Amino acid sequence: ASEAAVELFLERARAIDPSFRRTEEVVEICRRLDGLPLAIELAAARVSALSPDALLARLDRALPVLTGGARDAPERQRTLRATIEWSYKLCAAEEQELFRRLAVFVGSFDLEAAEAVCQADLDTVQALVDRNLVRRWGSGRFGMLETIHEYASEQLDASQDVDELRRRHAEYFLALAQSANLSEDSVGEQRLDLVNPDRDNMRAALQWAVACDELELALRLAVALEMFWAMHDPREALRWFQLLLERSPDVDPELRAHALRAYGSSASPAGELVLAERLYQQSFDAFEALGDERAAGHLLMRLGYSALYRD
């Protein structure tokens, strides 16, 4: 085992038990784990409950047999995966359940989202952090390293409550997006700061809703992100709105009117000025038919600006 691998193990172990000492078993553990930093961190997190010789004995049973010589990438990946699986199986049942459920998040998440979507409690989240299966980033948010998230996602997909969790995830982020007041018809301070950290979760919610034919939910989410799209990624918004409006011709007329306007809000900064003007006109006509004078008046203003741009 490389000296760097052994030092990493000792550093992580001493963070748990300051009196932890280097032994031959520690060196052998690092060799068995092929010097992979993540695998070493997962193993070192267990020194509070297992001595180095007990750790080594359990790893020997859990890990695939490694032959000498050069290790190719697939073999290293199998070693890492086996270590993740071993660490997961050592968790208490409630820790395993929360670990699976947290895979519903993409990128990172905060404790409030974990509580609302996964019925998480702080003690169980902390236990997963202590075991290095979940990370707490400097921002105060939580997340999983990609390899661990991949394993957790497999456990989630095989679980009975996967559909319910993905629905709760989508509904939670719809409510969060709506609370940020980023739609043109919202009243209150615009809060881009509420949405920015969760842009990956917003996209995941949209993807789930489209895949499950929950097109109204998806359209409401896309509309709730109106100003976010316009400021950050108008081209992405054009793809979402085109897809959603094509696939939901019979959607609620009021939602359709808002969606046409929000679509235009991104067409304009994307440089698609002819498309933007056409969408504003369609949205204006829809709001007029609904008798919504305030919304129609706003669209008249936008059409006025479009005429000004065209000189």
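Q: What do the side chains of Glu85 and Lys89 meet in?
A: They meet in a salt bridge, at 3.5 Å from N to O. A salt bridge calls for a side-chain nitrogen of Lys or Arg within 4 Å of a carboxyl oxygen of Asp or Glu, so this pair qualifies. Bear in mind that this is a predicted model.

Q: Where do Glu85 and Lys89 lie?
A: Both are in helix H5. They sit four residues apart, which is about one turn of the helix.

Q: Is Lys89 buried or exposed?
A: Start with the cut-off: exposed means over 50% relative accessible area. Lys89 reaches 56%, so it counts as exposed.

Q: Which residue forms a salt bridge with Arg31?
A: Glu28 does. Their closest N and O atoms are 2.8 Å apart. Both residues belong to helix H2, and three residues separate their positions, about one turn of the helix.

Q: How many salt bridges does a search of the whole structure find?
A: It finds 27. Another one of them joins Arg302 and Glu184, with the closest N and O atoms 3.0 Å apart. Arg302 lies in helix H18 (residues 293-309), while Glu184 is in the loop between helix H10 (162-179) and helix H11 (192-195), so this pair ties together parts that are 118 residues apart in sequence.

Q: Is Arg302 buried or exposed?
A: Buried, since its relative accessible area is 10%. Glu184 counts as partly exposed, at 26%.

Q: Which residues are linked with Glu184 and Arg302 in a network of salt bridges?
A: Asp185, Glu226 and Arg261 join them in that network.

Q: What describes a pair of aromatic rings?
A: Two values do: the distance of the centres and the angle of the planes. This structure holds 10 aromatic pairs. In one of them, Phe9 and Phe20 are 6.0 Å apart centre to centre, with 45° between the planes. That pair is tilted. Phe9 lies in helix H1 (residues 3-16) and Phe20 in the loop between H1 and helix H2 (24-32), so the pair ties together parts 11 residues apart in sequence.

Q: Which kind of aromatic pair do Tyr88 and Phe99 form?
A: A tilted one. The centres are 5.4 Å apart, and the planes make an angle of 40°. Angles under 30 degrees would count as stacked and those over 60 as edge-to-face, so 40° falls among the tilted pairs. Tyr88 is in helix H5 (residues 73-89) and Phe99 in helix H6 (residues 93-102), so the pair links distant parts of the chain, 11 residues apart. Tyr88 and Phe99 are both buried.

Q: Which residues do ring pairs link into a cluster?
A: Phe105, Phe109, Phe142, Tyr172 and Phe173.

Q: Which residues gather in a patch of negative charge on the surface?
A: Glu94, Glu112, Glu115, Asp121 and Asp123 do. Take Glu115 as the example. Its place is in helix H7 (residues 111-118). A patch residue needs over 30% relative accessible area. Glu115 is partly exposed at 38%, so it passes that cut-off.

Conventions:
Residues are numbered from 1 along each chain as its sequence is written. This is a predicted model: local features need pLDDT of at least 70, side-chain atom pairs count only at pLDDT 80 or more; totals for chains, interfaces and linings use all residues. Side-chain values use heavy atoms; hydrogens and water are left out. Patches are made of residues with over 30% relative accessible area and no salt bridge: like charges are joined within 9 Å, nonpolar side chains (Val, Leu, Ile, Met, Phe, Trp, Tyr) within 5 Å. Accessible areas come from the Shrake-Rupley method with a 1.4 Å probe; for residues, only the protein chains shown count as cover. Lys and Arg count as positive and Asp and Glu as negative; His and the chain ends are not counted. The place of a charge is taken as NZ of Lys, CZ of Arg, CG of Asp or CD of Glu. Helices (H or I, at least four residues) and strands (E, at least two) are DSSP runs, numbered from the N terminus. Buried means under 20% relative accessible area, exposed over 50%, partly exposed in between (1.4 Å probe, protein chains only). Rings of Phe, Tyr and Trp (its six-membered ring) pair if their centres lie within 6.5 Å; planes under 30 degrees apart count as stacked, over 60 as edge-to-face and the rest as tilted.
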